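Colleague: Can you walk me through this fold? Start wherever you like.

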Amino acid sequence: MLNSLAALWLFTYGINAYWLTARRGVPPPVPPSPGRWPLVTVQLPVFNELYVCRRLLAAACALDYPREALHIQVLDDSTDETVQLLAAAIEEQRRLGFSIEHLHRKERHGFKAGALAAATPLANGEYIAIFDADFLPPPDWLKRALVHFADGRVGLVQTRWGHTNPGYSLLTRLQALGIDGHFAVEQQARCANGYYFNFNGTAGVWRKRAIEAGGGWQADTLAEDLDLSYRCQLAGWKAVYDGRIVAPAELPVSMAAYKMQQYRWAKGSIQCARKLLGRVMGCGGSPMQKLQAVLHLTGYAVHPLMVWIVLCSVPLLTVSWVGQHPLSLVWGTLMVPATFGPPTLYLTARRDLAPRDWRRSLAAVALLAVLGTGLSLSNSRAVLAGLFDRGGAFRRTPKFAVVARGDRWEHKRYRLPLDWGSFVELALSLYAGWGMLLAIQGRAWGMLPFLLLYVLGYAYVGGLGLWQHLRPTRQSNGAQPLAASAPQTRRL
C-alpha cells in the first residue's frame, strides 16, 4: 500500500513534467532600451576562490555599460589568499576608472545570505545584479537584462545559465542537460503561465526596492535565493525570466562537489517549503498557482520516495504472489509515465536550444535518469535535514577554472574529502541487483527496468565518487599564493 502511495506521488511529479513541457510558452517581449541607463550595482559574492576570482572581476568590468553608472561590490568572505588576489586585481581596475568596493567580513554570519544582507544597504544602484564566482557574463548581458525593468512592477529578472565546460566529462555533460531542462522548460513555463518561480542565486538582476519589500536576504534556509524570490512575489512584485540572455558558468567536475551542491539545493528547498507554503496557500493566487508552488518547493521530496521503493523491492519480491497482486499492477502502471516525464522535459529543452542536433542527446538523457536515481540517497538525507533543521552551514561548491578535457583539478586546493555515502550507494546497487534476481525468479518483469535503473545509478554515483578520491594526483599543491596589500578594503 505504501509503495503504491509513493508511486502515486512520483506519478504526480512525472505528469507535471509533461504539463510544464506543454505549457512552456514563449519568451517575454523585449522592451526598448531606456534613453539613459540607470545606476547599477554588481555584487560578486566570493569565498575562497583562488582559481576564478580574478576572471570574475574582469568579466564584471568588461560589461558594456556606462562606467559612471556601474558600481561593483566584491563581497569577500575569504579566509585564504583570495583576499590578496582580489585586492590586487581590484586596485588594477580602479586605476582604469571603475568604482569597486572590496567588502571583507571577518565573520561569515549567515554565509552568502549574510554577505548579501550586509552589502545591499551599501549598494549605490537602483538595481542590483548578482554573479557567483564561477560565472562569466558576456558584455551585453546587463543591458539586455535591464530593459525588462521598464515595467515598474518587475522586481526580478532571471537569465539562463550557460556552461563553460559541458564537454569536460560525462558528469558535466549530464549536469548541463539537467540545468538546460530546468531553465529552458521549467523556468520558461513558470514565467509564461504566471506561476511562482525562483531567482537562481546568480545571473539575475533585482530592483533594490523589491528586495527591501520582500523582507531582504535571510539566512534561515540554505536557499536564500528561492526564499527571497517567493517572498517578493508574495509581496506583489513580478518576476521575469528571459532565456535568450545567457551567462556561462563552470559545472562541478567531481562527484563529491556535485553531490554537495545538490544536497544544499535539496535541503534549502525543503526548508523554504516549510517556511513559505503556508503563506502561499493563504494568498489570493489561483489553485493552479498554488499547486505549482507545492510541486516546485517540494520537488526534491521524490528522492526519499525513490529510496523507499528500492528498499521495499526485495521484501516484496520474496512474496510469491506479489507480482500478480492488483497493487503491483497499479504501481507499475503509475511508474511508467512518472519515469518518462522528466526525460521528455530534457529532450524538449535540447530540441529548443539545439534544434539541429538534439537527437544526439537521446543516450545522454537516459544516462541523466541514471544519475538522478543514483543521487536519491544523498538527496534523501538532505530532504530529511531540511524537514527538521533551520539554516545550516553553507558549503559552497569548489571551482577550479576547468574548461578543456586536459585541465586537471585533482591537485588543486578545495578538493573535497571522500564522501562515505559512496560505500552505501555501492551497497544499494548490489541490493537492487539482488532485487533484479528475485524479480526474474518471480517473473515480475515490469520491475526489472526500474531495478536496473537503481543498479546503474547507485553504481555510477558511488563508484565515480570513490574512483575520483582514489585517483592519484599529479601535483601536491594548488595555486601559489600571491602576496598583495588590501588597500581600501572595507571591513564589515
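Modeller: Strand 1, helix 2 and strand 2 form a β-α-β unit, and the unit is right-handed. Right-handed means that, with the strands pointing away from the viewer, the path from the first strand over the helix to the second runs clockwise. Helices (H or I, at least four residues) and strands (E, at least two) are DSSP runs, numbered from the N terminus. This is a predicted model, where local features need pLDDT of at least 70 and side-chain atom pairs count only at pLDDT 80 or more, while totals for chains, interfaces and linings use all residues. Residues are numbered from 1 along each chain as its sequence is written, and side-chain values use heavy atoms, leaving out hydrogens and water.

Colleague: In which sense do strand 1 and strand 2 pair?

Modeller: Parallel, over seven bridges; strands count as paired if DSSP finds at least two bridges between them. Glutamine 43 has glutamine 73 of strand 2 as its bridge partner.

Colleague: And strand 2 with strand 3, over how many bridges?

Modeller: Six, again in the parallel sense. Isoleucine 72 is bridged to isoleucine 100 in strand 3. The chain goes from strand 2 through helix 3 to strand 3, in a right-handed β-α-β crossover.

Colleague: Why is strand 2 largely enclosed?

Modeller: Because seven of its seven residues are buried, meaning under 20% relative accessible area with a 1.4 Å probe, protein chains only. Leu70, Ile72, Val74 and Asp76 lie on one side, and His71, Gln73 and Leu75 on the other.

Colleague: Switching to helix 2, what do its buried residues pack against?

Modeller: Strand 1, strand 2, helix 3 and strand 3, with contact meaning heavy atoms within 4.5 Å. The buried residues of helix 2 include Cys53, Leu56 and Cys61.

Note on methods. Buried means under 20% relative accessible area, exposed over 50%, partly exposed in between (1.4 Å probe, protein chains only).
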